[in-house]
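Please look at the sequence and the model first, then read the points.

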Protein chains: 2
Amino acid sequence: MRIIPLGTSSGKPTLTRNVSGVAVVGEGEWWLLDCGEGTQMQIARARLSFHRLAGIFITHLHGDHFNGLAGLLSTMGLDERERELTLAGPPGIRDYLEAVERLKILYVNYPLDLREVSPTAFADERAEAVEIGSRSLNETGHNTGGSKPVVVYESAKYTVITRPLHHRIFALGYRIEERTRPGRFNVERARALGIPEGPLYGRLQSGADVELADGRIIHPAEVLGPPRPGKAVAYCTDTRPCAGAIELARHVDWLIHEATFTQDLTEEANAYGHSTAAQAAQIAREAGARRLLITHFSPRYSDPTPLLEEARAIFPDTTLSEDLREIEV
Amino acid sequence: MRIIPLGTSSGKPTLTRNVSGVAVVGEGEWWLLDCGEGTQMQIARARLSFHRLAGIFITHLHGDHFNGLAGLLSTMGLDERERELTLAGPPGIRDYLEAVERLKILYVNYPLDLREVSPTAFADERAEAVEIGSRSLNETGHNTGGSKPVVVYESAKYTVITRPLHHRIFALGYRIEERTRPGRFNVERARALGIPEGPLYGRLQSGADVELADGRIIHPAEVLGPPRPGKAVAYCTDTRPCAGAIELARHVDWLIHEATFTQDLTEEANAYGHSTAAQAAQIAREAGARRLLITHFSPRYSDPTPLLEEARAIFPDTTLSEDLREIEV
């Protein structure tokens, strides 16, 4: 998997940073997280195939995460897309699409599977801001996994789930995960067991028992290594530090988390429903994430180095996202 | 005045051409014609001041002319714009703004003077496609100026008027015109007449009679050259060749006209409500325009030279627009 940041500025674009959008690229398909204005141009610059875009996942309906949607959907219409597209996000997207369709601004002629995820979809999940630190988290019980995420996308190899975040308006975070793959096939072991090369190898790899000519039954575990866990990427923006983000980021390979401000502006971050770089790093640490990619920088930081330094002091494996600078998961 | 094309592709952006938008820059103020997705980024790249943007004029509500509006308006809100902004275009803009405002996508905290111009605003204007050629135009009577344009903007130095074009949906063309300026002040002549240097010069320049100490009355015509006509720019897209475009382009310094296709695709152009490069050139010639700037090229033309050659064969003073390549009026 690969991560390609398409826009890393918050609120409005700068000359070097577009507004929010991230591509996560898997095998044969990719997904778009948020779709700020200009995202379709960034997709073209990243040389990503519009036809392989399998799902768009919107965090919330602020314009800088959303204004590129009508243009992107219409361009795929002009390009004669045929593949179904999943579009998930908070309630309001349907209203928006209907409004722009009435005005003839939208042109969609391919199957669109729209999934509006409302706050009530999360059972007892309470998306409240929590104090950072495992003690207080345990006290609030928000990180003990009592509530269920909502699955918004499934394919043969991947799943995408969502949980609520904690912004000024209802917002969703996402986790894109490769399914667990069977262990590696051990050819030497298979030969030692006298299994003839050919179709039996494939059946064992796919998890089925096979019977040999001499009547012996071979179980997959005899020739396969341990199951290989899939890669996982979480995307948490816009949000105050919250339990939903920690749940989504649990042991991920990469947590993409907003870091709108430096910690001298912690009060402002809280007032506007955002996180500081330090808070993003604390969430990564709490969640046991392997790596942290910070993004969604306030345009006031023409040089975002202070954001990176602040996060690295708490979580050393932090990377600062730059538009179109690709990351291997 | 200056013209800065911000987007010159039709339908969808390419790697080198954004979707529709043109800046026309006057003294102390400038205007935006159409606002496709990504226009606010192009404005920033052109180093134009958001605070000096006096009016946005939308031709029609297809997404590639319109999808950048919510983002641009909101960015000016974040930038704490105070100056009133005129926003003119066809009916539907108010519905759109209300829809995105309900969804919290829009953030406007400055005075917005919204002027929806409906087809009925043009009295007896019939925006029908006409045959090119003055004979047939005279026969239809469409170029004899029977109907009135609608004024959508006025400032001390400039006026902007609109007329209907002839597209698949209701579309408007615009003409931005500098007001006629008084003639140049002839200092030698003033001295010869014995007018003392100072405030009297200013009063004569502004058009007032003055009385000298010796009782003589001096009229402005005695010291001013002939009135200087203002510059004018017309913008006609999306449209089939039509009388409204000719009226708007009458004797302009620059006609900006769409040239979506080459003439081998004349039927397709007509079916989709567009013009070929040849038709754009014919409109420029009919209107007595001084220069023609063609734009709105179908993405099929990775090299638009054939469009330029086709237009120049009919109207030699044709220029091919390129994103951000500035033109002096």
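A:Leu33 has A:Phe57 as its bridge partner in strand 4 of chain A. The two strands involved, strand 3 (residues 30-33) and strand 4 (residues 53-57) of chain A, run parallel and are joined by four bridges. This is a predicted model, in which local features need pLDDT of at least 70, side-chain atom pairs count only at pLDDT 80 or more, and totals for chains, interfaces and linings use all residues; side-chain values use heavy atoms, without hydrogens and water. Residues are numbered from 1 along each chain as its sequence is written, with chains lettered from A and ligands numbered from 1 in the order in which they are written.

**Open sheet of chain A**

- Helices (H or I, at least four residues) and strands (E, at least two) are DSSP runs numbered from the N terminus, and two strands pair if DSSP finds at least two bridges between them.
- The open sheet has seven strands in the order 6-5-4-3-2-1-16, with mixed pairing, in chain A.
- Strand 6 (112-116) and strand 16 (327-328) of chain A are at the edges with a single partner strand each, so one side of each has no neighbour in the sheet.
- Helix 2 (residues 69-78) of chain A packs on this sheet and touches strand 3, strand 4, strand 5 (85-89) and strand 6 of chain A, with its direction at about 165 degrees to that of strand 4.
- Helix 3 (residues 93-102) of chain A also packs on the sheet, touching strand 5 and strand 6 of chain A, and its direction makes about 135 degrees with that of strand 6.
- Contact means heavy atoms within 4.5 Å; axes are lines fitted to C-alpha atoms, for helices over the stretch in contact, and angles run from 0 to 180 degrees between N-to-C directions.

**Strand 12 of chain A**

- Five of the five residues of strand 12 (residues 232-236) of chain A are buried, where buried means under 20% relative accessible area (1.4 Å probe, protein chains only).
- A:Ala232, A:Ala234 and A:Cys236 lie on one side of strand 12, A:Val233 and A:Tyr235 on the other, and both faces are covered.
- Strand 9 (residues 172-178) of chain A runs antiparallel to strand 12 of chain A, with four bridges between them, and A:Arg175 stands opposite A:Ala234.
- Strand 13 (residues 254-258) of chain A pairs with strand 12 of chain A in the parallel sense over four bridges; here A:Cys236 stands opposite A:His257.

**Domains and copies**

- An automatic or database domain assignment gives chain A domain 1 (2-180 + 229-328) and domain 2 (187-222).
- The centres of these two domains of chain A, taken over C-alpha atoms, are 43 Å apart.
- Chain A superposes on chain B by a rotation of 179 degrees with 0.1 Å of shift along its axis (RMSD 0.2 Å), by least squares on the C-alpha atoms of residues with pLDDT of at least 70 in both.
- The two copies are thus related as by a two-fold rotation axis.
- A:Gly38 has the C-alpha nearest the axis in chain A, 2.5 Å from it.
- The copies meet through the same surface, because 100% of the interface residues of chain A are also interface residues in chain B.

**Confidence**

- Chain A has a mean pLDDT (the predictor's confidence in each residue, from 0 to 100) of 91, and 93% of its residues reach 70 or more.
- Residues 127-131 of chain A have pLDDT below 50, with 18 contacts in the model beyond near neighbours in sequence.
- Residues 133-146 of chain A stay under 50 in pLDDT, and the model has 22 contacts for them beyond four places in sequence.
- Where pLDDT is low, the predicted coordinates should not be read in detail.
- The model scores are ipTM 0.83 and pTM 0.85.

Methods
Buried < 20%, exposed > 50% of the residue type's maximum accessible area, 1.4 Å probe, protein only.
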